[in-house]
Amino acid sequence: MDKKLYVGNLSYNTTDEKLRSLFATYGEIESINVITDRETGRPRGFAFVEMATQQAAEASISGLDGKMVDERAIKVNKANPQPDRNQRQGNRNRSGW
């Protein structure tokens with residue numbers, strides 16, 4: 001199991017600090033990244049949290065999935081692997097000739 005977790009259904013008011021305090025009870029945190037809209041800078045309602053160990057990641061999923069945070073039941077599960085950057089761009093860089 002990977003140590004990187006997806007945290008969804010977050011309130012737009014949920015901060016990095018709030019997530020840090022929630023996840024710290026389950027183990028050491030490597031990083032927290034609350035995803036924001038590129039144009040407005042406002043949170044998009046989800047984040048990624050990377051725990052230091054797989055055991056901490058598993059404990060976080062068990063302890064926090066479905067927990068009420070800022071009046072919302074959050075979803076916590078293993079993050080899907082990020083696709084290779086070249087695969088995400090597809091044929092955008094080709095001229096078509």
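User: What covers the buried residues of helix H2?

Analyst: The model is predicted: local features need pLDDT of at least 70, side-chain atom pairs count only at pLDDT 80 or more, and totals for chains, interfaces and linings use all residues. Residues are numbered from 1 along each chain as its sequence is written, and side-chain values use heavy atoms, without hydrogens or water. Helices (H or I, at least four residues) and strands (E, at least two) are DSSP runs, numbered from the N terminus. The cover of H2 includes strand E1 (4–8), helix H1 (16–24), strand E3 (43–51) and strand E6 (75–78).

User: Which residues of H2 are buried, and why do they line one face?

Analyst: Buried means under 20% relative accessible area, exposed over 50%, partly exposed in between (1.4 Å probe, protein chains only). Down the axis of H2, the buried residues lie within an arc of 100°, so they line one face; the arc is taken from the directions from the helix axis to the C-beta atoms. On the other side, Gln55 and Ser62 are exposed. The buried residues are Ala56, Ala57, Ser60 and Leu64.

User: In E6, which residue is the bridge partner of Leu5?

Analyst: Two strands pair if DSSP finds at least two bridges between them. E1 and E6 run antiparallel, joined by 4 bridges. The partner of Leu5 is Lys78.

Technical notes: Contact = heavy atoms within 4.5 Å.
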